[in-house]
Amino acid sequence: MTTPDAIPATTGASVTDPTRASSSDRRDDTTAPLVDLRGIRKSYGAVDVLRGVDLTLARGEVLGLVGDNGAGKSTLMKVLAGSVQHDGGAIRIKGEEVRFHSPSDAQARDIGIVYQDLALCDSLNVAANLFLGREPRVGPFLRIGRMHEEATSVLREFGVRVTSTHQLISQLSGGQRQSVAIARAASVDPDILILDEPTAALAVTEVESVLRLIKEVAARGVGVILITHRLQDLFRVCDRITVMYEGRSVDDARIDDLTIESLVGMITREGSAAA
Ligand SMILES: Nc1ncnc2c1ncn2[C@@H]1O[C@H](COP(=O)(O)OP(=O)(O)OP(=O)(O)O)[C@@H](O)[C@H]1O
Ligand SMILES: [Mg+2]
């Protein structure tokens, strides 16, 4: 008897690793927000860094997350990306309450992040960075040619221009690096993409290409959270703004209802009881 014949060809049931199940495998509540954070708290010792933050994100929405230096924006996004564990409050992803213990838990929920301190490997080339940790292989062997072909197609898909996928990251401009980092995060097909100050160090044309990339990603239905101090960028790409102040979410508004002046007022709490 040959073993394969003894095994039913298909049972109709698929075996999935629950930690890697894609959104299509899960029974998501499609009416619920992609992200719903309620009363998120985080302390480091005696310092209360997050003191009750609410935030929601819908599919295809670009949400600007703003606030002064030290307001807690990066910490909040690290909580959502699983690299910092919160002390209180609830995280709901597509209606389901979750608790992340590591970045891979968040990745399994299709959440991608490009951190403020960009984590690309300077000494590796563009293709190797795009596929870091998930390089195409045959057995133990890297498929270098295949990796460069796929890298070229990912960059083309997201409109990112580099001279060659063989270029070292250290040879790229700041804008090209940011674009490669965003393309890497977007290429794994996340539902939620967090970008922490992606345009902070960029020249005008480089900012333009990163903003174009953000719009392109959102147009695919991805929910994007954009942290930036460049308020003019928010008016170019965002649908809505959440404002943080000293560890709390203090305002939430549609961008169409705001001006630069009113947004600055919200961030600095001018004229409010908290100022
Ligand atoms: N690991 C840590 N240990 C202790 N304090 C921390 C830690 N990480 C962040 N903090 C503190 O938490 C506060 C919020 O920091 P966070 O980086 O979230 O601010 P931010 O809003 O992203 O600011 P910026 O706009 O400057 O990037 C700061 O006062 C910071 O010093
Ligand atoms: Mg920050």
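Mentor: Before we start, a residue counts as buried if 20 or more other C-beta atoms, placed from the backbone, lie within 10 Å of its own, as exposed if there are 12 or fewer, and as partly exposed in between. This is a predicted model, so local features need pLDDT of at least 70 and side-chain atom pairs count only at pLDDT 80 or more, while totals for chains, interfaces and linings use all residues. Residues are numbered from 1 along each chain as its sequence is written, with chains lettered from A and ligands numbered from 1 in the order in which they are written.

Trainee: Fine. How many helices and strands are there in the protein?

Mentor: Nine helices and twelve strands. Both are DSSP runs numbered from the N terminus: H or I of at least four residues for helices, E of at least two for strands. Of the 275 residues in the protein, 37% are buried.

Trainee: Let's take a helix. Which residues of H6 are buried?

Mentor: The general idea comes first: an α-helix has 3.6 residues a turn, so residues three or four places apart point the same way. H6 (174-187) is mostly covered, though, with eleven of its 14 residues buried. They are Gly175, Gln176, Arg177, Gln178, Ser179, Val180, Ala181, Ile182, Ala183, Arg184 and Ala186. The cover includes strand S6 (111-114), helix H4 (126-130), helix H5 (144-157), S9 and H7.

Trainee: How far apart are the end C-alpha atoms of H6?

Mentor: 20 Å, which agrees with the 20 Å that its 14 residues should span at 1.5 Å a residue. The expected span is 1.5 Å times one less than the number of residues. After H6 comes Asp189, with a positive phi near 65°.

Trainee: And H7, what covers its buried residues?

Mentor: The list includes strand S3 (62-66), H6, S9 (192-196), strand S10 (223-227) and helix H8 (231-237). The buried residues of H7 itself are Val207, Ser209, Val210, Leu211, Leu213, Ile214, Val217 and Ala218. With 16 residues (204-219), H7 should span 22 Å, and its end C-alpha atoms are 23 Å apart, which agrees. Just after H7, Gly221 has a positive phi of about 100°.

Trainee: Now a strand. Which residues lie on each side of S9?

Mentor: In a regular strand the side chains alternate between the two faces of the sheet. In S9, Ile192, Ile194 and Asp196 are on one side and Leu193 and Leu195 on the other, and all are buried. S9 runs parallel to S6, joined by four bridges, and parallel to S10, joined by five; two strands pair if DSSP finds at least two bridges between them. Ile111 stands opposite Ile192, and Leu193 has Val224 of S10 as its bridge partner.

Trainee: Which residues touch the most other members of the largest nonpolar core?

Mentor: Leu80, Ile194, Leu195, Ile214, Val224 and Leu226, out of 69 residues. H7 gives the most to this core, with seven residues. A nonpolar core joins buried Ala, Val, Leu, Ile, Met, Phe, Trp, Tyr and Cys residues through C-beta atoms within 7 Å. Leaving aside neighbours within four places in sequence, Ile194 is in contact (C-beta atoms, placed from the backbone, within 7 Å) with Met77, Leu80, Ala81, Gly112, Ile113 and Ile225.

Trainee: Which residues other than glycine have a phi near 50°?

Mentor: Most residues other than glycine have a negative phi. Lys94 has a positive phi near 50°, in the loop between strand S4 (88-93) and strand S5 (96-98). Glu197 also has a positive phi near 50°, in the loop between S9 and H7. Lys94 is buried, with 22 other C-beta atoms within 10 Å, whereas Glu197 is partly exposed, with 19.

Trainee: Last one. Which residues surround ligand 1?

Mentor: Tyr44, Val47, Val49, Gly67, Asn69, Gly70, Ala71, Gly72, Lys73, Ser74, Thr75 and Gln116; a residue is near a molecule if its C-beta atom, placed from the backbone, lies within 6 Å of it. Strand S2 (47-57) and helix H2 (73-80) each supply at least two residues of this shell, and H2 gives the most, with three. The shell divides into four nonpolar, seven polar and one charged, where Ala, Val, Leu, Ile, Met, Phe, Trp, Tyr, Cys and Pro count as nonpolar, Asp, Glu, Lys and Arg as charged, and the others, Gly among them, as polar.

Methods: Contact = placed C-beta atoms within 7 Å.
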